[in-house]
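Let us walk through this structure step by step. Keep the sequence at hand and follow the residue numbers as we go.

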Amino acid sequence: MSNYAMDVDVAKVGCLVPKMDDVKKELLVSMNELYARGLKTSCQWSADLLLSLEVGNNPKPLAKKIEGYKRPKITRSCLISVPKRVPVSKPTDLYSIDQLPIAYQEMELYLHARTCYNAKEYQRASFWLKNCYSKIPLFLKMYSDYLAADSNIKNIGSEATPSMFKEYRNFLDYLSQQLESIRQQKKGDGYLTYLLGVVYVKLEQYEAAVNMLVESIKEVPLNWHAWMQLGDLIVDRVKLSKLELPNHWMKNFFYCQKYLDLQLNEQMLGMTQYLFNCGFSDSIFLQSRVAVCYHNKRYIEIAVQKFQELIEIEPCRLENMDTYSNLLYVQHQRVELAYLAQRAVKIDKYRVETCCILGNYYSLHGEHQKAMRYFHRALKLNPLYLAAWTLLGQEYMELKNSNDAIQSYSKALEINKYEYRAWYGLGQTYEILGMFKHSLHFFKQAQLLRPFDSRMIIAVGNVYEKLGNVDMAFQSYLKGRAMGDDEKLGLIYLAKLYVVINRPDDAAKMFLEYIEEHGLDEQTRDHSYAYMFLANYYLSRMNFDQAFHYAQKCLNYAETKEEAKALLKTIVHERIYMEIDNIIKFTSMDEKKSKDYDKEEMPRQLELLSLTQKAEVNQSEDNKDNDDDDDDDDDSDEEEHLCNSISRYMILVDPSESDSVLDSVSE
């Protein structure tokens, strides 16, 4: 990632932040305007930011330092001067009615309509404002019309008929014409321009929507709604670099969010560190984005720690807790996930985050039907909730329901075609179905969205290998290794590929490197495969010590235990035969000794060979006589026979090694 993720130069991509006192004044004025127009999310976001400001005469504490981020070097030529500030009006009491620019005769109608709006009775609110022409009541009326139509079509959902969708689109066309007329007559403001941009998004006129949202941001830069709507339309790094945004300090927060969405994690941490240094170190918004960033970088332990800090700061906050539940699910932390689920239900059991947390909880306990029930509930609350569609696809895969899994992943891509997890899930599904060409297509799409994620690259290589394209598989595995190999699969896949193409020396080298790098985690199936290959590899090269060592390792795994027992016998016999051959060659070349030698001088290896062969014959006869014995007794007899054979051999060869070898085999 270091080749692409360049250091962040705030002077180039963002804007220098003014004094915190000026920021506070701007936020107070903006919160009045946002609340008056019913833009609650933006108002709440501004309130969070206001709470985090470090203002006053108290000494400023040291800014928080982001773990793992190195401050870039910024040359003097990169620095720019702080832009001139637009004069801010005098601070007023928050939500002060008499300060709002509303005509006197419209004030009572506006107040009544706003109470209806707060109760989500949007049609009533629009009715009481139909004869109002001041900017705030006009915005609230048209925004209520939009929300009424949008919520109605969402509530109908799959039961909506084509005529209903046509009627909905006709209304959006009518609303856009009204808003465009107001804009052309210059009777509107930045908030009405923002609403026009939102309507253009619904009409799928994305280029016009971007222009309107940028124009709105230039007029009212503290409307976080507009920034987020614009961010949803900027879906790649090229578009982000070409975007012409106003020179306002809010641009820094926008870049923080977009860097996170586009997987530019290093740039995101750099921008966040700059904002921390400016005085926003207590911002929950920024701290939550840092936690999600570490989740994207797969720094699992650090991400879990950051989410725990967020819970300590604000225990009743549910935003981003679904991501935290994903981390706990991956870590198999059942107790922590159970506690998180219990706390989320107490706060609000009908939030989409709560449903996602409960779904992960039941999935971790193997109750996939219950998990699916909660993911479906989340989708009823918000049909556009991407995480629920993706996790639902994973649950269908657990239940071997490939068709429904494909539908769930496809639905996620209909909502957002840049959802890499859905592309990756489709790739896995088609790979299981044996449709490798389709799988390769979907994995490549996921790799385009996550070009530095080793999981995507190695998945592409694995499909290439199954398609018989060995060269491309090699390139993908090597590239995945260079990107960090997060899942520790690059080496093992390379080694197995060398086995397939009959290059045992290279395969052994890869397996040894794999064991050296991941020797602490010795409970995986890949470890058992590596040990078994190395045991056979060294046996074929008459290196009996190494072969014996790795065969002993195989006894610790259920899938290779029986094969390891047989291999240990083979190693013992092969070593005996080799030493016998060496002695016979030695005696035949020795002209000083008689050709007929005394039987008492027979090597101990021959004695061992006869003993082990007799023991095997006796063992087979005993097994025939005791066919009705339990399987456990058969296993114990076989292990005892193997231990006896090896112990007799080791006593004859090297009595000092007998005890340790016998203990390891009997275990």
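A helix here is a DSSP run of H or I at least four residues long, and helices are numbered from the N terminus. With that in hand, turn to Met397, which sits in helix H20, residues 386–398. Keep in mind that this is a predicted model.

Is Met397 buried or exposed? The cut-off for buried is under 20% relative accessible area. Met397 has 15%, so it is buried. Now look along the chain to Gly425, which is 28 residues away from Met397. The C-alpha atoms of these two residues are separated by 9.1 Å.

Next comes helix H28, residues 525–540.

H28 is mostly covered, with 12 of its 16 residues buried. Among them are Asp526, His527 and Ser528, as well as Tyr531 and Phe533. Leu534, Tyr538 and Leu539 are also on the buried list. An α-helix has 3.6 residues a turn, so residues three or four places apart point the same way.

What happens just after H28? There, Met542 takes a positive phi of about 60°, although Met542 is not a glycine. Met542 belongs to the loop that links H28 to helix H29, residues 544–554. Its relative accessibility is 46%, so Met542 counts as partly exposed.

His332 also has a positive phi, of about 55°, and is not a glycine. Where does His332 lie? Find the loop between helix H16 (321–330) and helix H17 (334–348). His332 is exposed, because its relative accessible area is 58% and the cut-off for exposed is over 50%.

Now move to the surface. One patch there carries positive charge, gathered from Lys349, Arg373, Arg377 and Lys380. Of these, Arg373 lies in helix H19, residues 368–381.

Another surface patch is nonpolar. Which residues make this patch? They are Leu109, Phe127 and Trp128, and the patch covers about 270 Å². Phe127 is found in helix H5, residues 122–128. With a relative accessible area of 46%, Phe127 is partly exposed.

Key. Residues numbered from 1 in each chain as written. Predicted model: local features only at pLDDT ≥ 70, side-chain atom pairs only at ≥ 80, totals over all residues. Heavy atoms only, no water. Helix = DSSP H or I, 4+ residues; strand = E, 2+ residues; numbered from the N terminus. Buried < 20%, exposed > 50% of the residue type's maximum accessible area, 1.4 Å probe, protein only. Patch = residues over 30% accessible without salt bridge, like charges linked within 9 Å, V, L, I, M, F, W, Y side chains within 5 Å. Areas by Shrake-Rupley, 256 points an atom, 1.4 Å probe, with all protein chains shown as cover. Salt bridge = Lys/Arg side-chain N within 4 Å of Asp/Glu carboxyl O. Lys, Arg positive; Asp, Glu negative; His and termini not counted. Charge placed at Lys NZ, Arg CZ, Asp CG, Glu CD.
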